[in-house]
Structures are given as structure tokens and as C-alpha cells.
Amino acid sequence: FAENDGPVVFLQRHGRTSKNVLLKADKTRLKAALRDAQGKGAAVAPILAEWAAVAGEDRWFDDCLDEEGLAQAAAAGAELGRWCRRRGFAPELCVTSPFRRAAQTQDVAFKAAGFPGVPGRARLR
């Protein structure tokens, strides 16, 4: 990294939410049901319909971070802070999705990074 290399972009996924945990449990249960139905030659359409309903809803569910998600965001922020301090700069702009989990991840991460405040903030719509 050198100062004349141009902009640096960091990408971070939001921390874990309780919905992530519930979806994983649902998907695990549905995978097992699908394998069982296929092994018995039973109808799989109802299981696939439930899978589609479960898999489709998580994208739009606006959930806050759970305790592990808060810890994930803080750990990522602390690492970002160390990386930036070694190179002598701080972020100028943060862009997040409009979901609470994304904004919460960014807020916690920036606090853990030791940045004095949120830089210019844009929310995607």
C-alpha cells in the first residue's frame, strides 16, 4: 500500500443476527426432510415450497445484531483500526445497506476501530 495507490475499499458483511441462526436451523431441518423424502420416493414439492419461503425471506428481514454479531462487528472494527493506524489514515466514507443490521455493524465497528466519528455516510436504497 502506498499513498498514491488511490482509494482503498473495505467490504464487510453484517454481523450475525438472530434471524441468521433461525434460518440455519430451518435450512438444516429442511435439508434433512428433503433427503428423507427423496430416499423414500415421497413427494418433495411441499418441502421445496417451504425451502423457497424460508430462503427468500431472510434477504428482506430487518433484524438487529445478536450478541455474537456485536462481537463480530467489534472484532472486525478493531482489526480495521489497527490496519488503518499502521498506514496512517482513516475512512472518509462508509456506505451501508438501509438495513439496521448493516448500520449497526458499521457503528460498532467504527467505535471499536477508535475512529472519532462516522465519516460521510450513505445508505443504499
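View A. Asp36 is partly exposed at 41% relative accessibility; here buried means under 20% relative accessible area, exposed over 50%, and partly exposed in between (1.4 Å probe, protein chains only). This is a predicted model, in which local features need pLDDT of at least 70, side-chain atom pairs count only at pLDDT 80 or more, and totals for chains, interfaces and linings use all residues. Residues are numbered from 1 along each chain as its sequence is written, and side-chain values use heavy atoms, with hydrogens and water left out. The side chain of Asp36 meets that of Lys40 in a salt bridge, 3.3 Å from N to O; the term stands for a side-chain nitrogen of Lys or Arg within 4 Å of a carboxyl oxygen of Asp or Glu. Both residues lie in helix 1, four residues apart, about one turn of the helix. Helices (H or I, at least four residues) are DSSP runs, numbered from the N terminus. Lys40 is exposed, at 63% relative accessibility.

**View B. Glu79 and Arg82 in helix 3.** The closest N and O atoms of the salt bridge between Arg82 and Glu79 are 2.8 Å apart. About one helical turn separates Arg82 from Glu79, as they are three residues apart in helix 3. Arg82 has a relative accessible area of 39% and is partly exposed. Glu79, at 38% relative accessibility, is partly exposed.

**View C. The salt bridge between Arg16 and Asp66.** In this pair the closest N and O atoms are 2.7 Å apart. Arg16 is partly exposed at 28% relative accessibility, whereas Asp66 is buried at 15%. A network of salt bridges links Arg16, Asp66 and Glu68. By the rule given in View A, the count comes to four salt bridges.

**View D. Surroundings of Asp66.** Asp66 sits in the loop between helix 2 and helix 3. Its side chain reaches the backbone nitrogen of Gly69 at 2.8 Å. Leaving aside residues up to four places away in sequence, Asp66 touches Arg16, Thr17, Ser18 and Val21, where contact means heavy atoms within 4.5 Å.

Conventions: Helices (H or I, at least four residues) and strands (E, at least two) are DSSP runs, numbered from the N terminus. A polar contact is a pair of N or O atoms within 3.5 Å; within protein, one must be able to donate a hydrogen and the other to accept it, and residues adjacent in sequence count only if both atoms are side-chain atoms.
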